[in-house]
Every structure is written in structure tokens, then in C-alpha cells.
Amino acid sequence: AKAKAADIQKIVENFLISGEVETSGLNYGSGHINDTYCLYNKQPHEPNYLLQRINHHVFKDVSALTDNIYLVLNYLKKKMQLLQQSDLQVLELIPAKNKMLYHKDEDGNYWRMYVFIKDSKSFDIVETEQQAEEGGRAFGQFQALLSDMNASLLSETIVDFHNILFRLDNFNKALKENKANRAANVQEEIDFILARVTQMRRIYDMGQQGLLPKRITHNDTKFNNILFNQQDKAICVIDLDTVMPGYVAYDFGDAIRTIINTAAEDEADLSKIKLNIPLFEAYTKGYLAEAGKFLTANEVKSLLLGVFLLPYMQAVRFLTDYLEGDHYFKIAYPEHNLVRTKAQLHLLKQLEEHEAELQEIISTYSIYKLK
Ligand code: ATP
Ligand code: MG
Ligand code: MG
């Protein structure tokens, strides 16, 4: 349930803010995980704040999650000072009066507060090549700044989040159990998935063989997790709940998954699902202008694998839920998870058909020439 203004006021009292804020209690932004409230300061020279109720059903260890965010923000701040780099801002957490960076209320809810980044906006859907390039630059710079931070300092807040072997295990189990008695209807999709297992575990295998380093990655590189200014320049990477050790290709692949798709994630009319290659190129250009500074040849090679893997992994998860009877993802109609599966697999087919062209684009903006 949404919190009331009076409740919000009580929560706010637990944080060390400057000035005095209005607590209209209006929800802010279009996040799906946390409840977000914008607090306007009545004193014009003091900042506005952003209050969030952390979703502790998704993130069970709020203390570990907060430690991750704190370590990353601190590192980013120091590194940017050192490099005298200032085109991107760093999120700033407001301490609670208990000296921690979150407050736990009587109902067991966890709250945290950030400084609200002034004059910012976020886009749910990428509209222009400039936005895409800026987005690539922002996530590229984020990874680059963190590329020499020790990844083992961070906890894995959601275990196996991008582990395809784990997702495939769940899929195979759902297939065997066939609880909803739906497997026979989706043989084509099942075959398509099973035919690609070896290719799709390549990033994982390269990691196991020591060919890819574990870096610190964002793990939720949706476009609306970047703040832009009024001139459409990227100014801040936000939503750090999932920062943890990972492979750079996962972040690249997940960003591309939505940017390159001309249709919605659950488009039922497959003919509408096409590739927007100019947006792919713009994002790649911005990304590699920053990440190119630290990526190894193998990491650059892994980027396109990530582009294939992320839609595949989504399809595996949707189809698993469909086979189990739809109890994980929210559905709007009975076949929704199957429609989502088909849409992601259709996207993957298109990506496969354009593999050479996409690889060529990555090569163009990289110092490593890929074959
Ligand atoms: P998601 O569904 O992406 O996981 P979430 O529920 O975790 O989202 P956030 O992304 O952290 O929530 O925040 C929701 C929205 O609030 C953002 O998309 C952005 O528009 C806005 N926002 C978040 N942090 C700030 C900030 N520090 N300053 C200004 N706006 C912000
Ligand atoms: Mg978000
Ligand atoms: Mg989030």
C-alpha cells in the first residue's frame, strides 16, 4: 500500500536533511521495484530529496545492498575527483539519524534517501540517436570508472541473477514437471531454446576459463536508469540496487535488448519486432568511447554474445513461468508469458540474421578488430 503524507513525514524525521520538505506523499518516477517519493524543499537554497522504500522482498539483505551502493558511490566520487572528471554526477545518499544509510520503520519497511538531481529527466523509451549515444556513454563511463575497483568487495545481492545455467536448470525442471500441462503446445519454442544452449553459455564458460574478468556491473541497464538534463545530455547513472560483480557483456546486452527493439517486450504482432540498427550503432559508439579505455579483446568479443544472451535469457525465464503456470511474472492475460517468450525469440532471430552487421559496428568503434 502507498504511504500517506503523515507517514512520510514521520519517516523523513529519521534522516539528516537540510531545510524542511513538503511531504505530499506523491509517488514519483516510473520504477517498478521500489516506492519512490520526491520531497520538495520549502527552503529554496536547500536541495530536494528522493525518498525510497526499498523492496525487501526482492532484495532480502538490505544491509548488504546498502553496503554495495555505498562502496560504489564512494569509489566513483574519489575516482572522478582524481581524474578531474565532472560530466557525470554521483548519487548522494543521505545518512539516517541512526548513523546508517537506511531507516527501518515499525512495520519492517526499509527506507533510504538520495539528493534529488535537479532539472533531470529520464526516458522510458529511447527516441533519438543522441539519447542512445549519451546512454552508452553513461553506462560505459560508469563501468570504466569502476573497472579497477576490487569486485570481490561487493556482495552478490541477487544470487545467479544473470547465470544462464541456473535459468536453464529451472527451465529444464519446469519442462520435466510440466505442471500446467502446456509443454506440448510450445515444442517449437522449447526446441529453439535447447538448440542454442552451447552458444548461450559461452560468456559463462569464458569466465570459468579465466578469459573474462569479473567487473563491477550495474545489472539493470534499462534506459530510464540514466538521468538526462534538459539538453538531453546524460548526467547520472541511477538505480544501483543491483550493482554487483558481473561481466560487462551482460550490461551491454541488456541495454541493447530494449534499445534495438522497435516494439514492446510483449508485442504480440511479431511483424512489428524489427531491429533499430541506427540506435544500436549510436549506443555502441557512446559505450565504446568510454569503455574502450579498459575493455580487453575478449571482453569486446563478448559484447555481441551478451546482445544475443539477454533476450534469450528473458525468453527462458518467461517460458519457464508459462510452463509452471504463471506465478512469477505478472500477467495481463492467460497467454501473456508465451507472447513474451515469442517476442524475445523473434528478436533473437533478427539479431542472428544481422550478426555480421552488428559485429562490424562493434569493430568500427573498437581498437580490436573482430572476426
Ligand atoms: P526500476 O524499476 O528501474 O528498478 P526502481 O523502482 O528501482 O526502478 P529508481 O530507478 O531508483 O527506482 O527510481 C525511480 C525513478 O525516480 C527513476 O527512473 C528516475 O526517474 C527517478 N530518480 C531516481 N533517483 C533520482 C535522483 N537521485 N534524482 C532525480 N530523480 C531520480
Ligand atoms: Mg529504475
Ligand atoms: Mg531498480
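The largest nonpolar core holds 93 residues, and those with the most contacts inside it are Leu51, Ile259, Tyr283, Val307 and Leu309; such a core is a set of buried Ala, Val, Leu, Ile, Met, Phe, Trp, Tyr and Cys residues joined through C-beta atoms within 7 Å, where buried means that 20 or more other C-beta atoms, placed from the backbone, lie within 10 Å of the residue's own. Helix α10 (residues 297-324) supplies the largest share of this core, 16 residues (helices are DSSP runs of H or I with at least four residues, strands are runs of E with at least two, and both are numbered from the N terminus). This is a predicted model, in which local features need pLDDT of at least 70, side-chain atom pairs count only at pLDDT 80 or more, and totals for chains, interfaces and linings use all residues. Residues are numbered from 1 along each chain as its sequence is written, while chains are lettered from A and ligands numbered from 1 in the order in which they are written.

Turning to the sheet, 5 strands form an open, antiparallel arrangement in the order β1-β2-β3-β5-β4, two strands being paired if DSSP finds at least two bridges between them. Because β1 (21-22) and β4 (103-104) stand at the edges with a single partner strand each, one side of each is left without a neighbour in the sheet. β4 is joined by 2 bridges to the antiparallel strand β5 (residues 110-115), and histidine 103 stands opposite tryptophan 111 in β5.

Returning to α10, its residues Val300, Leu303, Leu304 and Val307 meet Leu358, Gln359 and Ile362 in α12, contact requiring C-beta atoms, placed from the backbone, within 7 Å.

Technical notes
Buried ≥ 20, exposed ≤ 12 C-beta atoms within 10 Å, placed from the backbone. Contact = placed C-beta atoms within 7 Å.
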